[in-house]
Amino acid sequence: MTAPAWLRGGALGLVWLLALPFAVYAAVFGWRGLRDDLSAESYLFATGAPGAETALSLHMLSGAGLTALVLVQALPVLRRRWPGLHRSLGRILVAAAGVTALGGLIFIARVGTIGGPLMSAGFTLYGLLMLWAAAETFRYARARRIALHRDWAIRLILLALASWIYRVHYGLWALLTGGWGSTPDFTGPFDRIQMFAFYLPYLALFEILRRRRRQNPLDPAGRSR
């Protein structure tokens, strides 16, 4: 059974409101990183590696736009009433996903991460998956293969929100446990789980639901297009 459009739109709007403060913070921090020397304010900008801070700033700026706009793109009313705007915004978001992923990957390659090789591996996989999802979303949209385009777009949405989800996980964990298993250098047991848990479980859940949808002949959303 497919949820009504108004319910899906309301849910997307609620998540958008919750994620918006993070997007604004990232945008401001990224813009300041391009204009000012933030090395005294954040260890992320005190690397001494040429180009790393610029890559990180672009990562933050484009990631902020991606977080703020990807749920707008997913609104059913946008696709239905303004398909031209939906296509134009989609191209912008695919480009933003590419800049976000590449900026993060360049920073990791130049500097690494505070949590060491495991965190670098988890975040590198995250960036590569975002690049893949963005490319496939665009490819299937151009080919007018709507079902496959929708599936990859959902994956891209989940990955676009994952940076915010990463912070949500830490906030909820701090409320529930006081931050047990997390250390300042991100090498605690909770930190190590988090290096993959902010995106892989959500992608896995989507794959499970997608397979069940396609196996249910009574669900119109499961039909091939």
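Me: Helices are DSSP runs of H or I with at least four residues, strands being runs of E with at least two, both numbered from the N terminus; by what spacing in helix 5 are R139 and E136 about one helical turn apart?

Reply: R139 and E136 are 3 residues apart in helix 5, which puts about one helical turn between them. This is a predicted model, in which local features need pLDDT of at least 70 and side-chain atom pairs pLDDT 80 or more, while totals for chains, interfaces and linings use all residues. Residues are numbered from 1 along each chain as its sequence is written, and side-chain values use heavy atoms, without hydrogens or water.

Me: Why is the contact of R139 with E136 called a salt bridge?

Reply: The term requires a side-chain nitrogen of Lys or Arg within 4 Å of a carboxyl oxygen of Asp or Glu; the closest N and O atoms of R139 and E136 are 2.9 Å apart, so the pair qualifies.

Me: What makes E136 buried or exposed?

Reply: Buried means under 20% relative accessible area, exposed over 50%, and partly exposed in between (1.4 Å probe, protein chains only). E136, at 12%, is therefore buried, whereas R139, at 44%, is partly exposed.

Me: Which parts of the chain does the salt bridge of R155 and E207 link?

Reply: The side chains of R155 and E207 meet at 2.7 Å, N to O, and the pair links distant parts of the chain, 52 residues apart, with R155 in helix 6 and E207 in helix 8 (residues 200-215). R155 is buried at 11%, E207 is partly exposed at 21%, and R155, E207 and R210 are linked in a network of salt bridges.
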